[in-house]
Amino acid sequence: MSLVSYLTVDAQEDSGLHLGIAPVDGGLQMEDYWVWGSSVVKGEDGQYHMYASRWPKFLPFHPGWMIRSEIVHAVSDTPEGPYRFSDVALGYRGAQYWDGRSCHNPKIVKHEGKYLLYYMGSTHPFEEVTPDNVADFDLQSKWCIVGRWRKRVGLAIADSPYGPWQRLDEPILDVKPDSFYSFLTSNPSPLIKEDGSVVLLFKGRSYREDELTHSDQFIGVATASAYDGDYTVVGDEPVFSSEQFGEVEDPHLWSDEQGFHMIAKDMTGDIIGDGNHHGGVLAHSEDGIHWVLDENPLAYTRTVTWDNGQTIKQGQLERPFVFVEDGQPTHIFFATMDGPGGFGNGTKTWNMVIPVVNDKEDLKSKKQ
């Protein structure tokens with residue numbers, strides 16, 4: 001089977017997501033930068049606007065994003081791209097701001113003439129990491145200890161995909177003591193309903209005081225009456241965890257006439273099985289709050305078939321984003337890395353795109 005991710009025609013009876021062949025020249029790459037996690041919206045100008053994270057390559061990929069990421073804006077005539085860099089949407093604005101040092105994991109939404117950019121922000125009070133002191137920088141360094149602990153979910157608002165962006169003085173989703181998100185909130189995925197209310201999936205970690213560290217990852221859900229309203233976490237328990245379905249990361253939320261759908265990264269491979277470490281999981285919901293796994297939850301594996309005929313197991317394949325146009329999923333975007341796997345073993349990253357095949361007969365013909 002040559003299709004990307006080894007999907008069968010009937011692999012996703014609930015979410016109906018079937019992937020095609022990846023264009024080699026699609027997506028976004030940037031010289032001298034690590035590029036990660038993209039989100040795309042079609043503007044009033046008919047162009048496709050991508051928002052993505054980047055940080056300089058003199059920093060290690062991980063955890064460089066934690067203290068130096070900025071969100072950039074790129075433009076294309078087509079959903080596949082390639083995307084052309086336009087401007088920095090959200091960058092450094094001073095350590096005194098909650099998101100002053102790092103802006104990461106963007107999710108863009110267009111609603112009633114406004115462009116809403118959800119993201120993770122963080123800060124720290126220390127000197128900048130530079131090529132001169134980068135040898136002192138790692139996950140146990142002061143920068144990362146504080147930068148990880150300060151991760152919060154935020155929102156920026158603009159009238160145009162080119163900005164200017166109104167950045168808020170406070171995050172929209174803070175931590176709460178003695179909760180599954182007492183340590184941090186991150187990785188937002190919003191969906192605005194027809195009545196203007198918002199369902200927001202997010203990643204949380206709890207603080208483990210006995211170990212002076214943080215927990216594994218939880219996925220929670222928050223709601224708001226409007227995008228500029230107050231965001232409230234629903235319930236005291238996460239909707240996904242190692243005890244509930246399994247540990248996942250990078251949730252992305254979309255909807256159709258059947259309800260809500262979620263795609264996420266299986267952190268351990270325990271949900272989708274068959275050794276599919278860091279493959280994709282599909283789940284669905286009637287209200288965006290109560291979730292069940294799809295009957296066949298496998299969304300993708302890390303093996304990609306490209307339009308140059310090569311089939312490659314990507315080192316990393318993460319941050320899935322499903323682009324919906326005219327009510328139908330048409331493309332899925334990923335952050336990807338070369339190499340054998342592991343953040344420390346890649347030499348370049350980029351944002352790639354794969355068309356979604358909505359016609360099963362068309363899917364069968366592509367497989368032959």
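## The four-stranded sheet

In this predicted model, four strands form an open sheet in the order β1-β2-β3-β4, and their pairing is antiparallel. In general, the strands of a sheet pair through backbone hydrogen bonds, either parallel or antiparallel. Strands β1 (33–42) and β4 (84–90) are the edge strands, each pairing on one side only. From one strand to the next, the twist averages 30°.

Strand β3 (residues 70–76) is joined to β4 by 5 bridges, and the two run antiparallel. Within this pairing, Val75 has Arg84 in β4 as its bridge partner. Arg84 also takes part in a salt bridge with Asp77, where the closest N and O atoms are 3.9 Å apart. Arg84 is partly exposed, because its relative accessible area is 43%, which falls between the limits of 20% for buried and 50% for exposed.

Helix α2 covers residues 142–149. Which of the residues of α2 are buried? They are Trp143, Cys144, Val146, Gly147 and Arg148. These buried residues pack against α1, β6, β9 and β12 (213–214).

## Nonpolar cores

In soluble globular proteins, nonpolar side chains tend to be buried together. The largest nonpolar core in this model has 20 residues. Those with the most contacts inside this core are Leu116, Tyr118, Leu155, Leu173, Tyr227 and Tyr231. Strands β6 (114–122), β7 (152–158), β10 (198–205) and β13 (218–224) are the elements that give two or more residues to it.

What does Leu116 touch, leaving aside residues up to four places away in sequence? Its contacts are Lys107, Ile108, Val109, His111, Leu155, Ala156, Ile157, Ile192 and Tyr227. Two of these, Leu155 and Tyr227, are also listed among the core residues with the most contacts. Another core, of 18 residues, lies apart from the largest one. Its members include Ala22, Trp254, Tyr300 and Val304.

## Salt bridges

Side chains of opposite charge can pair when their charged atoms come close. How many salt bridges does a search of the whole structure find? The search finds 14.

One of them joins Asp159 and Lys114, with the closest N and O atoms 2.7 Å apart. This pair links distant parts of the chain: Asp159 is in the loop between β7 and β8 (166–167), whereas Lys114 is in strand β6, 45 residues apart. Asp159 is exposed, because its relative accessible area is 55%. Lys114 has a relative accessibility of 27%, so it counts as partly exposed.

The side chains of Arg152 and Asp174 also meet in a salt bridge, at 2.8 Å from N to O. Arg152 belongs to strand β7 and Asp174 to the loop between β8 and β9 (184–192), so this pair ties together parts that are 22 residues apart in sequence. Arg152 has a relative accessible area of 4% and is therefore buried, while Asp174, at 38% relative accessibility, counts as partly exposed.

Key
Residues are numbered from 1 along each chain as its sequence is written. This is a predicted model: local features need pLDDT of at least 70, side-chain atom pairs count only at pLDDT 80 or more; totals for chains, interfaces and linings use all residues. Side-chain values use heavy atoms; hydrogens and water are left out. A nonpolar core is a set of buried Ala, Val, Leu, Ile, Met, Phe, Trp, Tyr and Cys residues joined through side-chain atoms within 4.5 Å. Buried means under 20% relative accessible area, exposed over 50%, partly exposed in between (1.4 Å probe, protein chains only). Contact means heavy atoms within 4.5 Å. A salt bridge is a side-chain nitrogen of Lys or Arg within 4 Å of a carboxyl oxygen of Asp or Glu. Two strands pair if DSSP finds at least two bridges between them. Axes are lines fitted to C-alpha atoms, for helices over the stretch in contact, and angles run from 0 to 180 degrees between N-to-C directions.
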